[in-house]
Amino acid sequence: MTSAQWGRTGAVLAITTSATAVLTGCMPPPAAATAAVRPQSAADVARMPPLERQAHTLARACEHDDIAACDRLAATYWSGHGVKQHRFHALSLWEFACANHVGTACEQAAQVHLGGELRPADPVRAADLFAQGCMAGRASACTRAGELAAEGRQSTPSPRRAVKWWRRGCATGDPHACYLLGLAQLDGRGTGRDVEAGIAHLTGACEARSPAACRQLAGFYRAGTFIGPDEQAAAVAEQRACELGDGPSCVDIGLRARDDGRGELARTRLTEACERGDARGCALLGDLHAMGGGGVAVDNARAAEAYADACRGGLFEACGRAATVDGGAGIDQAELRVLYRVACDGGTVEACEYLAGMLLDGVGGPRDPQAAARLFDRACIDAHAPSCVHLAWMGRADGGHEPLQWLVRACDLDQGACVVLGEVHELGLVDGARLDAAAAAYQRGCAAESADACFRLGGLLARGAGAEQDDAAAARLYQVACEGGNAESCSMLARSYAEGVGVERSAAMSSHYRQQACALGETALCETTPAATGP
């Protein structure tokens, strides 16, 4: 579209909007919304609390064509301050005010249609309302109209249309529009590639208090992208972004300060990031308080609080840290339950398992085995093998085959869990247990390099339990398990060489594996002598 065509389109839009205003300007505001706060008498008005009286005043002004009052009354209905909350009334008032050129009302109505809270999301209607708000002089509405055009929420993505809206928003005074326009010019999206203009727009946006633009400039200066590398300019831009509330910039400054041994500066910047809702900043602040360094003393209570904030902010791996710093240091077990619930609801299956364990054992509150089982089941379904094992142990006394099914799933998810499945079969802990199934489960675990599984499979083969007796195969499995760090396998292999079972008798080899067993913790073998001798 040429600039002349865009000009004609803009003129048509302005004429259309103007015509709509003429048509709606003669229409009264939504009667249901204004009538809902109509008192019976002047005495009723006098007895009203201040907020209700203010809503009454706004409603009467709105009825008398004060469009700004209609906009404010809509906000009152949306929040429920002074009136019974009624968000459909709010939307009808905002759309009425938008049709009468109140740009803020257009933006509010657009957000409602975009969010889909009152009715199914309608990006097409939202885009139209943002456009009306932009034409009414609301700069941020121009920016949002451009973003919708770029995303293709209401139609096929149109970078050119997005750039047109961002130009208008930038010219009208929205720094974020200038930032987006600058990026488009640097990338050549929707407009010709113009590095000089792009950097100029980013610089202007940063000076106009756009933290995103300042952070982007800092990155360009540090990497030497589009502009020459300039560490001092990068530091200035990054500092400004942090001061404007950009959490990631504060985190980056804090990390560099921490690595340089400037602990106090690191703590200040990470605290700022955390207070602005940056979960990563909270977790790093917790690390700093937990470990100390650079002039910052260890403070476990603050560490626990920071980890808890990180957990609430969505960095769910920080939830457990809140309880591991010196026994919790201010985060009690009841609060830890809450944190794990937040993490579990956020999709972290490990947190569901931890919470289930607390519910099962009555830690941080009353025992609730049924709730624990539901959480273990949820985590098991989400492919968390340890939870499947927990679920099997909880159900092992029910006399049915459910525990085996859960253990089979655990083995399928993580072959290290096949050892547990094999043990249940070998020891006959549930109905349906079979020695041949134990051997099969241990075989899977051994193939997955589980030394314990190899040792247990070797034991079955040595006894001829669940499989044909094979002393040579058993000895080979003991050797694999011993090399994998299983002390009992080294002990059994030492006996095999001492007695010549499955291997050629050898006092030297028996002594060697006895020493291996001793080194791995079988202290009873550390000072014994071979039971037999060989060549």
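## Basis of the model

Contact means heavy atoms within 4.5 Å. The model is predicted, so local features need pLDDT of at least 70 and side-chain atom pairs count only at pLDDT 80 or more, while totals for chains, interfaces and linings use all residues. Residues are numbered from 1 along each chain as its sequence is written, and side-chain values use heavy atoms, with hydrogens and water left out.

## Helices H15 and H16

Gly-247, Cys-250, Val-251, Ile-253, Gly-254, Ala-257 and Arg-258 of H15 meet Leu-265, Ala-266, Arg-269, Leu-270, Glu-272 and Ala-273 of H16. By class, this contact has eight nonpolar, two polar and three charged residues (nonpolar: Ala, Val, Leu, Ile, Met, Phe, Trp, Tyr, Cys and Pro; charged: Asp, Glu, Lys and Arg; polar: the others, Gly among them).

H15 covers residues 247-259 and H16 residues 263-275; their axes come within 8 Å and cross at roughly 160°. Axes are lines fitted to C-alpha atoms, for helices over the stretch in contact, with angles from 0 to 180 degrees between N-to-C directions. H15 and H16 are therefore roughly antiparallel (over 145 degrees). Their crossing is left-handed (the near helix is turned anticlockwise from the far one by less than a right angle).

## Whole protein

The protein has 30 helices and zero strands (DSSP runs numbered from the N terminus: helices are H or I, at least four residues, and strands E, at least two). Its C-alpha trace spans about 110 × 65 × 50 Å along the principal axes.

Of the 535 residues, 44% are buried (under 20% relative accessible area, 1.4 Å probe, protein chains only). Among contacts with a separation of 6 or more, 46% join residues 24 or more positions apart.

Key
Parallel < 35°, antiparallel > 145°, perpendicular 65-115°, else oblique. Buried < 20%, exposed > 50% of the residue type's maximum accessible area, 1.4 Å probe, protein only.
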